[in-house]
Amino acid sequence: METIVQNIQGVPLNHYILFCSIIFAIGVMGVLTRRNVIIIMMSVELMLNSVNLLLTAFSVHHGDPAGQVFVFFIMALAAAEVAVGLAIIVMVYRNTRSVDINALNRLRG
Amino acid sequence: MIDLIWLIPLLPLVGFLFNGIGRNTLPKPVVGLLGSGVVLVSFLLSCGIFAEVYAARQAGESATFIQPVFEWITAGSLNVSLSFLVDPLSAIMLLIVTGIGFLIHVYSIGYMKHDAGFAKFFAFLNLFVFFMLLLVLGSNYVVMFIGWEGVGLCSYLLIGFWFKNKEFASAGKKAFVMNRIGDLSFLIAVFLIFNTFGTLEFTGIFPQATAMAMGDTTLLLITLLLFIAATGKSAQIPLFTWLPDAMAGPTPVSALIHAATMVTAGIYMIARSNILFTLSPVTLQVVAAIGICTALLAAAIAITQNDIKKVLAYSTVSQLGYMFLGLGVGAFTGAFFHVITHAFFKALLFLGAGSIIHAMSNEQDMRSMGGLKKHLPITYITMLVATIAIAGIPPLSGFFSKDEILAHAFAENKVLWVLGFIGALFTAFYMFRMLSLTFFGKFRGTAEQSSHLHESPATMTVPLVILAILSAVGGLLNVPSALGGGHALADFLSPVFADSTALTGAFHLDHSTEYVLMAVSAVAAIVMAVLAYRQYAVSGAVPGADDAPRGLLARLSYHKFYVDEFYDAIIVRPFNALSVFFYRIIDRAGIDGLVNGLGKRVGESGNGIRLLQTGNVGSYIFMMVIAVVALLAYGFFNG
Amino acid sequence: MSVFYFVAFLSIFFALMTIFTKNPVHSVLYLVITFFTFTVHYILLNAQFLAVVNFIVYMGAIMVLFLFVLMLLNLNKDTEPLKSNLVKFMGVIAGMCLLVTLAASFRLLEISDPVVLKNPDIGLVSNLGKVLFSDFLLPFEISSILLLTAMVGAVLLAKNDPKKA
């Protein structure tokens, strides 16, 4: 463990920020480019995870455990959200027989 | 009795309200009774007031009473109250308005009996009497103006009474518009008066005015503006063309409004403001000039007219011209005397004409009449009396009043006398022409009309008789001293004109000159009367059809000297063009374009923004991302 | 130190694979691997509790749930709806813009110090637990209610209505 700890001492926080931004942007691209609603939800999970990692990095950097506690809550919340979201998707599939978000345009102006 | 004066205008107003509101429910006898009854009560009250004023005059007082009713406007230095002024001038006007008004109301019971708008007619007549009474009783220019405008309104309502006929409605509109031009002038004059004198009450203005110099320019302006207002109301050049067209209204309307009362409002107003006019000799000259020109012009037109009411209408305009001539030469009492006598015989003439029209089944063209003497005896005799009176043949009333005006004109300017004399010749001629064409000779109408010829009912003939008696003996009111008379009217009215008389000096004319003038005019009138009688009654000449060839002068006269056409080209058409311009370009294209265009742009933009609602979640998320990027970039660039 | 960069590279590679494969099942699997690399990152930060929770909850529960639903709906490469090229292009551009903006904003911040662990033990289970149950007790309890609500909601939503045909 100690060697691991020594290992991470050298990584500047900026790199963590950059890395998480890249993952976040990849998540956004996933939301924008995919039409399958399940893949979109997965991309959202990816975005959440990147934020989690960044929070943890900050918390470790500042020595404040509140950041990790927050991450814990975010994970709980993400789980709940996935459950409900997938339930909705199942319902939608039952009604429209498709998981294409372009098919859900009843609110078209 | 004078403190009951507020009842006098109030009663006709009450009559208006009752007859107006209950016009569909009240039975016709009740309407007629109510309408005439209120005016009768007002007349009786006016008699009482006149008696008090007369008694005061006999006792040598100036007999000017102010009866305040309530304070109306108090704003800064402007204090206008609704209050009534009773003095010799207004007392006489009260009698005329209510007395002749009552007779005409009674006449209308018979004349309008078969009309569906019977109650509405009486309501309007009562309303008119109310406004006219406000006009003559007002103790300041504002109350007078209320009455002034009100009678204009009632004139519009009554002229266009049979509004379903488009021409009649247009005649009403024409009268109202021309009156409004005068009203504007009146209003500006009132503003100037307030600016100059600081008050609008007569008792406040006139004493102040006596201190001003003769020929003061402000007074000149005020009096010119007041005179323009009077030309509108009393149908003088240039605002006289509405009166002949006003014959579109029922005949009692013509009798009441356009013979006896409303048209004399202008003369009353000038008589009331006489000190202002005396201090502006230029205005008086203008008044006299326009008066005599109008008198001659209207008389020249009346000679060739074939509609009986049109003849009387132009005759009214002409006689009003004489009254203005009288005012212009300083004969205030004379002009007012002519107002009184003219009210008698002109109302009588119009009512008689109504009687004839009624008998002739609504035919008004004299070329279809003739020989009505034996069918309508009472009408004939009363109209004969009126015609002799208006022609100025002694000893009937018209002679005395017209002669007094002409005598003053002679003393002022011989030319005016000559022109007035020529006008009197015309007057005698066309009146006797009218009488001859109507009553003498053979009947020229259809057999259908002939079978319906009958004398009018008593409600119509009794007022005729009463007015005939008044026309006959009315001259005794003011017999000039040259004939040994007591000039009672002049004495009675002297306090009203005292300030003016003080400035101009009393009127003096040699008695011998007066005799000559009187004799000349009387003889000339009789000669013209006989000429007319011989041409139309004895020789049986009948005026030609509308398109018959006429000489130049006859054509000019027949087409009313093309004054209407002139006004149409100069004023009406440019205004219409202006109105069309404003409508098409400024209103429709400009304002509507702006407002509607705004609405359309909003709609279009809404339509455009609507396209953002694709219902596609992907596009929403895309927009969100773009928005976040934009916000971040904005934050980045703006620190 | 280089471990971090190697694992970061792996995360990015597999994340890209997640969103670019056509087969949704492959997508899920790649995401599982991405989450595994995240777990390694947590361990590198000595956030042991979070690493384990990430492994169990995310990879074990959430992704399995995704897989269940995919299997339930019987989705595979053939039923995958296609997006037009323009949309894909615009999406990529938007994402890149976001990244660029974020990166640019971070350049202004002067936090390039190396991560110095003041207290390396805060990520341990016992220490985190102490903080969790003392300072953050209320949110902890409420989040349990949240999970209960979500469960109820999901069951209600996905239930087969026996009255409907």
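A residue counts as buried under 20% relative accessible area, as exposed over 50%, and as partly exposed in between (1.4 Å probe, protein chains only). This is a predicted model, in which local features need pLDDT of at least 70 and side-chain atom pairs count only at pLDDT 80 or more, while totals for chains, interfaces and linings use all residues. Residues are numbered from 1 along each chain as its sequence is written, chains are lettered from A and ligands numbered from 1 in the order in which they are written, and side-chain values use heavy atoms, with hydrogens and water left out. Helices (H or I, at least four residues) and strands (E, at least two) are DSSP runs, numbered from the N terminus.

**Chain C**

- Chain C has six helices and zero strands.
- Of its 165 residues, 36% count as buried.
- Among the contacts in chain C (heavy atoms within 4.5 Å) with a separation of 6 or more, 59% come from residues 24 or more positions apart.

**Chain C against chain A**

- In this interface, 85 residues of chain C are in contact with 78 residues of chain A.
- The buried area, meaning the accessible area (1.4 Å probe) that two parts lose on being put together, summed over both, is about 7600 Å² between chain C and chain A, and carbon and sulfur atoms give 77% of it.
- Zero salt bridges are counted between chain C and chain A, a salt bridge being a side-chain nitrogen of Lys or Arg within 4 Å of a carboxyl oxygen of Asp or Glu.
- Four residue pairs (both at pLDDT 80 or more) are in polar contact across the interface of chain C and chain A. A polar contact is a pair of N or O atoms within 3.5 Å; within protein, one must be able to donate a hydrogen and the other to accept it, and residues adjacent in sequence count only if both atoms are side-chain atoms.
- The elements that give two or more residues to the side of chain C touching chain A include helix H1 (2-20) and helix H3 (48-73) of chain C. H3(C) gives the most, with 15 residues.
- That side of chain C divides into 63 nonpolar, 15 polar and seven charged residues. Here Ala, Val, Leu, Ile, Met, Phe, Trp, Tyr, Cys and Pro count as nonpolar, Asp, Glu, Lys and Arg as charged, and the others, Gly among them, as polar.

**Chain B against chain C**

- Eight residues of chain B are in contact with ten residues of chain C.
- About 700 Å² is buried between chain B and chain C, with 90% from carbon and sulfur atoms. B:Phe622, B:Val629 and B:Phe636 supply 60% of the area that chain B buries against chain C, more than any other three residues.
- The side of chain B that touches chain C has eight nonpolar, no polar and no charged residues.

**Backbone features in loops of chain B**

- The peptide bond from B:Ile237 to B:Pro238 is cis, with omega near 0 degrees. B:Pro238 is in the loop between helix H8 (217-233) and helix H9 (242-245) of chain B.
- B:Asn362 is not a glycine, yet has a positive phi of about 65 degrees. B:Asn362 is exposed, with a relative accessible area of 63%.
- B:Tyr562, also not a glycine, has a positive phi of about 55 degrees. B:Tyr562 is partly exposed, at a relative accessible area of 33%.
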